[in-house]
Amino acid sequence: MNFSDKVVYQIYPKSFCDSNGDGNGDIRGIIGKLDYLKRLGVDLIWSTPFFVSPMNDNGYDVADYRAIDPRFGTMSDVEELIAEADKRGIGLMFDMVFNHTSTEHEWFQRAIKGEQKYIDYYIFKDGAPDKPPTNWESKFGGNAWEYVPHLKKWYLHLFDVTQADLNWENPEVRAELKDILCFWKSKGLKGFRFDVVNLISKPAEFVDDDRGDGRRFYTDGRHVHEFLKELVADSGIDGMITVGEMSSTSLDNCIRYTNPNEHELSMAFSFHHLKVDYKDGQKWELMPPDIGALKKLFATWQEGMSDAGGWNAVFWCNHDQPRAISRFGDDKNYWAQSAKMLAAAIHFMRGTPYIYQGEELGMTNAKYTSIDQYRDVESLNYYNIMLKNGKTVEEAIEILGERSRDNGRTPMQWSAEKHAGFSTVEPWIIPPDNYKTINAAAEVDDPDSVFNFYRQLIALRKRYKIIADGDIKFIEPDNNDVLAYERTLGDQKLTVLCNFRDHDVRLRQSVKDFGGEKLIGNYDGVEDYLRPFEVAVLK
Ligand code: GLC
């Protein structure tokens, strides 16, 4: 599939639309909103998992890859979703969580009953109960090993203790995963997203990390490229649209993951640009975003991928991230301007843009005031860790308010009605109060809305080849207020200037002197300087 002019919309089903009044979003809820997505103009939907799961990590702990969790609906609902989306020219991408399974998966259950075949599906190590095989840390906090007393073995879990890492060295595991892909491919999907797929290849030796949490031993691991090539070739998904979620990855590896000559994936998510507000690299320590660092990262990744034939998935938001507008914009004084500026900043980059549900409405962080309002396993774990490490309750709540994944998981704000029009009953997680003004009903018919700005961005990508296929070069490298780049295709040129500050900013030359007509922006006309959170796109 040629995907350079495509735009993907991410759905987190639990929070998208509740069709049966149980407070949780479901598949039929998505079907009911397909016309909304068609109106927005997206080409593909990536849905996060709705397979059978104990839901300790909201479905990223899969217990059966071929069955739909009844909380979300049935297989026939899913088939109808695929067919109805197809009628509207929208393809579906499902989320394959292949680094680990839930400990409720049949394979793990048989492993802990002592069946050697299934013990070999996971990463079990012999050992004494008081000493985990290594000091590696789980990404959700605590040691990454769990002891099973009756087996006298530890198993590895890079995430929650109920998410056991699969042993990809075992060819039988790889064969099982290929079968799952074939099963879903035959249902008419257009593509797949692969969860933390650069963590699948573990080292030959398991040793303590004296310099970190262990990630350097398994990130972009020794066989990862081999395993991906084999998975893609044997399941016949080369040519479908595929995106890998790459945790703490490197540019060189992402070039290899995504250069078409390698026959691995179509594109990669990397996250370095979403750590520029981590103090000393620590997610749970706050600092204002470093815009200079953000610019450098975008320049390195955009130009580096471009030069070497790689392809980026470009995005600000997903179900693991706080809302970009609350993070890099001003969600109070320049709400619409910052939502539009952030949208344009990535939609004109080289890569495939991903819109995360509600981003097209300018949805903000939740701003919860009490730990009882949080649901996410990572947030709850780190709340306790922060208190143990001496933070006060107020400090921990402030940090969660900025960093919790639940900020991105609040119910989709469909209308000003009770529960944001998401459900007829109290949702599993409460919406922020601002749904009364920030919602789809208020925006779809307003030509100046954030929604219609996104709609225009998508339409422009279809109309101008330079947006989809042009080269990219970053300009104004010394200005730490403005992100600026040029796209070129043949003799055409497009300039994108984005002010990340809440005040006017001047560039070395007048904005007008960049030349060309204004293609789109979030203020009327063009001044010599950029107004607060202004974006100007000149062609
Ligand atoms: C990915 C998912 C995240 C999940 C984790 C473990 O990062 O996006 O939601 O918790 O993998 O599967």
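A residue is called buried here when its relative accessible area is under 20%, exposed when it is over 50%, and partly exposed in between. The model on screen is predicted. With that cut-off, buried residues make up 61% of the 539 residues in the protein.

**The whole chain**

Begin with everything shown as a cartoon. The protein has 17 helices and 20 strands. Its radius of gyration is 23 Å, close to the 24 Å that the globule rule gives for 539 residues, so the protein is as compact as a globular protein of that length. Turn the view along the principal axes: the C-alpha trace spans about 70 × 55 × 50 Å.

**Salt bridges**

Side chains of opposite charge can pair when their charged atoms come close. In this model the count comes to 46 salt bridges.

Select Asp-35 and Arg-88. These two form a salt bridge, with 2.6 Å between the closest N and O atoms. Asp-35 sits in helix H2 (residues 34-40), while Arg-88 is in the loop between helix H3 (75-87) and strand S5 (91-96); the pair links distant parts of the chain, 53 residues apart.

Next, select Arg-405 and Asp-320, whose side chains meet in a salt bridge at 3.2 Å, N to O. Arg-405 belongs to the loop between H14 and helix H15 (440-443), and Asp-320 to the loop between strand S14 (313-314) and helix H11 (324-328), so this pair ties together parts that are 85 residues apart in sequence. Are the two partners buried or exposed? Arg-405 counts as buried because its relative accessibility is 6%. Asp-320, at 16%, also counts as buried.

**A pair within one helix**

Move to helix H17 (residues 465-469). Here the side chains of Lys-465 and Asp-469 meet in a salt bridge of 2.8 Å, N to O. The two residues are four apart in the helix, so about one helical turn separates them. Lys-465 has 56% relative accessibility and therefore counts as exposed, whereas Asp-469 has 29% and counts as partly exposed.

**A charged patch**

Last, select Glu-394, Glu-395, Glu-398 and Glu-402, which form a negative surface patch. Glu-402 lies in helix H14 (residues 393-403). What is the relative accessibility of Glu-402? The value is 36%, so Glu-402 counts as partly exposed.

Conventions: Residues are numbered from 1 along each chain as its sequence is written. This is a predicted model: local features need pLDDT of at least 70, side-chain atom pairs count only at pLDDT 80 or more; totals for chains, interfaces and linings use all residues. Side-chain values use heavy atoms; hydrogens and water are left out. Patches are made of residues with over 30% relative accessible area and no salt bridge: like charges are joined within 9 Å, nonpolar side chains (Val, Leu, Ile, Met, Phe, Trp, Tyr) within 5 Å. Accessible areas come from the Shrake-Rupley method with a 1.4 Å probe; for residues, only the protein chains shown count as cover. A salt bridge is a side-chain nitrogen of Lys or Arg within 4 Å of a carboxyl oxygen of Asp or Glu. Lys and Arg count as positive and Asp and Glu as negative; His and the chain ends are not counted. The place of a charge is taken as NZ of Lys, CZ of Arg, CG of Asp or CD of Glu. Buried means under 20% relative accessible area, exposed over 50%, partly exposed in between (1.4 Å probe, protein chains only). The radius of gyration is taken over C-alpha atoms; the globule rule is 2.2 Å times the number of residues to the power 0.38.
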